[in-house]
Amino acid sequence: MTTTEPTSGAVGGWRRPTPTELWAGATVLVIAVLLIAPGWIAPLDPYRLDVSQRFRPPGAGHLFGTDDAGRDIFSRVVYGARNSIGAALIVVTVAAVFGVVYGAAAAWSGGILDRILMRVVDLFLAFPYLVFAMAVAASLGRGLTAALVALTVLWWPSYARMVRGQVISLLRDRHVRAARTLGASGPQILRWHVVPHTYDAVLVRYTLDLGQALVALTGLSFLGLGAQPPTPEWGLMIADAKQYALTAWWAAVLPGAVVFLTALNFMSLGDRMRRAGGTR
Amino acid sequence: MADVTPLLELRNLRKTFIAGARTVQAVRDVSFTVGPGEIVGLVGESGSGKSTVADLVLGLERPDSGEIFYGGRPLPELLAGSGRGYRAAVQAVFQDSVQAMDGRKTVGWSIAEPLVIHKVARGAALRARVAELLRAVHLDPALAGRYPHQISGGQAQRAGIARALALKPALLVCDEAVSALDVSVQAQIVNLFLEIQERYGTAMLFIGHSLPVVRHLADRMVVMYAGAVAEQGPAEQVCSAPRHPYTRLLIDSAPSFEPGPSPAGPRRTRGEGLPAAGCRFAPRCPLVTDTCRTADPAPREVGAGHSSACLRAGELTVAETRPSRFSTEKRRPG
Amino acid sequence: MSPILSVRGLTVRYPGTARPAVEGVGFDLEPGATVAVVGESGSGKSTVALAVSRLLGPAVAVRAETMTFEGRDLLGLGREELRRLRAGRIAMVFQSPSGSWNPTRTIGAQLVDGLRAAGRWPERRDALVALLSRVGIHDPESRLNDYPHRFSGGMLQRAMIAGALVTEPSLLIADEPTSALDTTVQAEILEILDELRAERDLAMILISHDLGVVARLARHTLVLYGGRTVERGPTAEIYRHRGHPYTQGLLAAVPRLDGPRKTPLPAMAQGPVAHSGCVFAPRCPRAEDRCRTSEPALRPVGGIEVACHLAGEPGREPAWRM
């Protein structure tokens, strides 16, 4: 069934963005550059080996120093964003989209189907993620893909549960009752009047989860269940650096600090969005 | 009226809700009709079941028993499939139109929505029709671009009416559509409903708790108490010669412009439980007899198109009801 | 008798607004008397109630030439004095029955809180039960253990009134106390309020948007529009004279049981509150040039006071026919 949306006579007018919006905008911009054009920021090739430059401490030539193969750590961190933040984005995005659809469908169907669908959610939520990640790695082979799959499969249920609760309460809302009297179909009601109302909360959770997914992904890579050498990936870089952590502390500490600060940025941004009642 | 097929007919409707351990008989054996182009007022206090009747007519709830006919056809048949034919013919105006519109969509979007759902118009024709509808309810078409919370209560109510009129319905179900408005806005919306009846011949089931407002609009009036019809008949007759003590209480409780105590006097509704047997109004009724506490009165004809569900309806005459309003001694107000 | 509450030149301005929400409002209230403050939404009537009970926050500028309650200057009181005053001598009842109660605690617990705050617990326990019964709550002892959701709107409002009056206040401020209720319950509760007022020599400020509701209860009425008093005087005289076009419009707009049916109601047009001249001029069908330039002061016109240039001029028809 084709459902063209009624045209909204959009109200124009620009207003000054709130600090939260500026912060979110800056975050999006930095990530976009890191993912699309890391070469603009990274001074060197992240794969280039140069034994003469081994274990250089942070300084003018090498902002974050170099590792045991003489690779520029700063460049590796910049290129590693694709594998770390990029992977977290994929995990949370896929989980959120699937979870929203699943939760909305469960809430809409109601009754026995809803109960079955939510039992499945409970099952996934109860699964220990490390065990699951090892099982996936065992069957798919170690690599970033296995880590991505494992995390995504375990991540969507929290969205499904949250959205289901919201949809159930929205379906009782007066504007939904009114839409029913107009003859709107189930899919129309969900698409126009219910799901968009969950976006604010989903966006907050999405932002918070980016930080958590980043930590989880780098953790898996650190344990050898994620990205494999020589891929520049933050968790893997820390794992590699731990062998010579006493001689070249920077090789472990600086990528670790980047993971920490990135995760902190997402989480405090998400927290601020929640307190602001979501960004409009 | 008898020789015309009613537009809407409610026959012995019953609806019971289960709330935890309690069951609430929201609607108990309600029957009445709405003729083409006729405004039928449905009055009663909260909990009288009048809003449940609206939900049943709008197909938002299904009756436990009894039937609803629209144009002679039963409601389940009309709502089968997409039910769009019935949905287009019977539209609703709610008490709070701001809440009835989606807060994330513009007013114009909301008014266009029924036209899109029913594939009546799109593109430029859709925009033109929205502007036309806004003008029909005396609103500036520029309001289409605003959000519901950006307009006044009166404007929202007009927009809600424009949305309900979009599909040119034969029947409007107006559930407390003017109750939450300031008096000057309320008067404007009442006038708009009268204009709609006159201009488009739209029939209305107008639900309200204010007897004077409903009397002003309605051709006929149905008074509900505790889920059942207490009295129904021509609006003027019900108000000037009520044949049920509850209607009389409603009349005496209406805001008066006579300084001094209310003729109704304090009528303590001690305890809120309804009696399990007999007339549900018996505990509040000044005319109650022993029979009233045991026998559940059925509606009886008391005049042309006028019926009352009171055992003593025959004794309630014009002479007895009217003076009560004025016979009370005047006390100086504080 | 000397007034218990005396207000002169009350002006209230909310932060960030161009004009005061209330300007130059004044009235006297004697023990046992009721004054009604009437107007539509935005008229400033609730602001008057909040200003008198000093419930407006520190950001709101409240000024008055005089605002004395039982001989004390309300504007000069400290926080603790105000708290004690509101816990005992000044009681308030608000419109929303459900919004005034905490859903997680029993009705009884919340009423006891009120008495504790006033330092009258358990001294007034029996009085509370008697009062609950008096306002129409059957079997109050057992209903005190109920949570608010077990009460209907009317019952919550009755309990609210009992809670407000149990500390034996001398002033009750009732802001639309019955507007959310059915007409039969509304009539009954207003009647009970009036009885209690007469028995206890209680002074009452009754705030309402409906002139019909206050007619029976209030000896004096103030009609507010755009924060200004447009008409003031004995209620009966106001109903008789209808000096201000706004009052005329308010009264004419309400359908009456003995009025005509199915005819257009005389409905005032909507319009902005004027910034200069008469506040009502943009909506007034009789506005003349002088109404748009100079602001009319309240002046006596046949037993009432009216703020209208045209009031009392001979040969004037009411702006709206009933």
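Reader: How many salt bridges does the structure hold over all chains?

Author: A salt bridge is a side-chain nitrogen of Lys or Arg within 4 Å of a carboxyl oxygen of Asp or Glu. Over all chains, this predicted model holds 48 salt bridges. One of them pairs Glu176(B) with Lys50(B), with 3.4 Å between the closest N and O atoms. Glu176(B) sits in the loop between strand 7 (171–175) and helix 8 (183–200) of chain B, and Lys50(B) in helix 1 (residues 50–57) of chain B, so the pair ties together parts 126 residues apart in sequence. Helices (H or I, at least four residues) and strands (E, at least two) are DSSP runs, numbered from the N terminus.

Reader: What conventions apply to the model and its numbering?

Author: Residues are numbered from 1 along each chain as its sequence is written, while chains are lettered from A and ligands numbered from 1 in the order in which they are written. The model is predicted, local features need pLDDT of at least 70, side-chain atom pairs count only at pLDDT 80 or more, and totals for chains, interfaces and linings use all residues; side-chain values use heavy atoms, with hydrogens and water left out.

Reader: Which chains touch, and which pair has the most contacts?

Author: Contact means heavy atoms within 4.5 Å. There are 2 pairs of chains that touch, and chains B and C make the most contacts. Chain A and chain C have no contact; their closest C-alpha atoms lie 18 Å apart.

Reader: How is the area buried between chain B and chain C read?

Author: The size of an interface is often given as the accessible area lost when the parts come together. Here, buried area is the accessible area (1.4 Å probe) that two parts lose on being put together, summed over both. Between chain B and chain C that is about 4800 Å², with 51% from carbon and sulfur atoms. Chain B gives 56 residues to the contact and chain C gives 57. The pair has 1 salt bridge. Asp219(B) and Lys262(C) form a salt bridge, with closest N and O atoms 2.9 Å apart.

Reader: What is buried between chain B and chain A?

Author: About 2700 Å², of which carbon and sulfur atoms give 55%. In chain B, the residues losing the most area to chain A are Leu60(B), Arg104(B) and Trp109(B), together 24% of what that side buries. The contact joins 35 residues of chain B to 27 of chain A. Chain B and chain A share 2 salt bridges. Among them, Arg177(A) meets Asp55(B) at 3.0 Å, N to O.

Reader: How many helices and strands are in chain A?

Author: Chain A has 9 helices and 0 strands. Its C-alpha trace spans about 75 × 50 × 35 Å along its principal axes.

Reader: How do helix 8 and helix 9 of chain A pack?

Author: Two packed helices are described by the angle between their axes and the distance between the axes. Axes are lines fitted to C-alpha atoms, for helices over the stretch in contact, and angles run from 0 to 180 degrees between N-to-C directions. Helix 8 (residues 234–241) and helix 9 (residues 250–275) of chain A pack at about 150 degrees, axes 8 Å apart. They are therefore roughly antiparallel. Angles under 35 degrees count as roughly parallel, over 145 as roughly antiparallel, 65 to 115 as roughly perpendicular and the rest as oblique.

Reader: Which residues make that contact of helix 8 with helix 9 of chain A?

Author: Helix 8 of chain A contributes Trp234(A), Met237(A), Ile238(A) and Ala241(A). Those from helix 9 of chain A include Pro255(A), Val258(A) and Thr262(A).
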